[in-house]
Amino acid sequence: MDKNIEISLLEILDTMKEALAHLEHTENEELRQMVKSGRQHLTEALESELDCSLDQRIDASALSDEDWLRTVYRIMGEVSDPFRLKNVFDAKFKKLLDHLWSHSKEELVAGMKAALNKLREQSVETYDGFVEYFSRFPLWGTFDPEKGDYNTLELRAEVLKQHSYDFLWLYRRLEDYHSRYTLCSILENWAFLALNELTKIRSVYPDYWEPDIFPQNAGDVLVDVGAFIGDSIQQYVQVYGTSYRKIYAYEISEKSYDELCRNVEAMKLHDVTVRRKGAGRTRGEMFVSDSETDLSANQLSQSGEAGRRVEVVPLDEDVEETMTFLKMDIEGAEQDALLGCERTIRAHHPKLAVCVYHGYEDIWKIPAMIDEMYPGYQFYLRHYGGNLIPTEFVLLCKP
């Protein structure tokens, strides 16, 4: 792309960004028309550059203005600095992107159904395990082929199609090829039900605590959000010892909180503060919604029984010391909780271990949020779960 044209298009993008910021607070028809006109002009320019339809490539017309704007910034970044294949892992990821770009959402869903049918022919037990998982854990949508319900496959196809450039940005943003291989393997599992690759990239270390990335804990103020019964704290001290300064443990479920308190006392750890609170963007109250299948999967809800109320706090306001390490595993509430400690992340850049598997958008959106707060982090991705449905994958951020 000619440099002058590129600069002109970026100026249009910046103007649209300012307009959308104004439209968040007040409706203005002139600004709305300017955004619409800008989308049309930029679409034509990019389609000429890419020699393909943006609707075919990323289902662009289905994107909100905000998602469309971010995606076009990503595309412009690729136009300016194209993704160059350095090895077989890059080639593997590019092959996946080409598949996503050349197939519609409906075609992607059809391919997933075909892969599942093939799995059922090979192993009914494995297929039944796939179906049963989504009835136990509905965070990723519903799935009941007997009733014609393929919601989770449709959600997979939508995020793969519409956010391929976010995934390309993340692939290039990740610090090592272990992380890139992990990302590619997760997305291939979503797209093709590929099972073998996830087995290869499973981390050998305990969840969250990677000594290659975070080698020691001397002086740490660890904030464990979603501490459950203290298992992650126990593994933390097993890996690093007790040279930390202080540990804050947050847990919303009453039963888990009681057991957490007992376990912390039994471990005889110094300077541990246990709080039965949730973490969020703003201070308030919510209700604990119990999982029918797994106590560790309890969530916060806007409504519930009076006796199930729990206080929700922004970590920026609730943690007295300056946190140096934040671990977060809170069943889909990670995005909201991160907004509640944005000031700390911007100012002090604590080490982060944030689960990004509690919904199909978390794997790209949470890294984008953190990168906006502090672009100086090194990003890593590690997988600690199984190979049928990829779960337990964590974004690790090293300042």
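Start by selecting helix α4 (residues 65–80) and helix α9 (residues 164–173): their axes lie 9 Å apart and the pair packs at an angle of about 55°. Axes here are lines fitted to C-alpha atoms, for helices over the stretch in contact, with angles running from 0 to 180 degrees between N-to-C directions. Helices (H or I, at least four residues) and strands (E, at least two) are DSSP runs, numbered from the N terminus.

This is a predicted model, where local features need pLDDT of at least 70, side-chain atom pairs count only at pLDDT 80 or more, and totals for chains, interfaces and linings use all residues. Residues are numbered from 1 along each chain as its sequence is written, and side-chain values use heavy atoms, leaving out hydrogens and water.

Next, show the side chains between the helices. R70, T71, R74, I75 and E78 of α4 meet Y165, D166, L168, W169 and R172 of α9 (contact means heavy atoms within 4.5 Å).

Now move to strand β9 (residues 351–355). Five of its five residues are buried, so the strand is largely enclosed by the rest of the structure (buried means under 20% relative accessible area, with a 1.4 Å probe and protein chains only).

Strand β8 (residues 325–328) runs parallel to β9, joined by four bridges, and K327 has A353 as its bridge partner. Strand β11 (residues 393–398) runs antiparallel to β9, also with four bridges; there, L396 stands opposite A353.

Technical notes
Buried means under 20% relative accessible area, exposed over 50%, partly exposed in between (1.4 Å probe, protein chains only). Two strands pair if DSSP finds at least two bridges between them.
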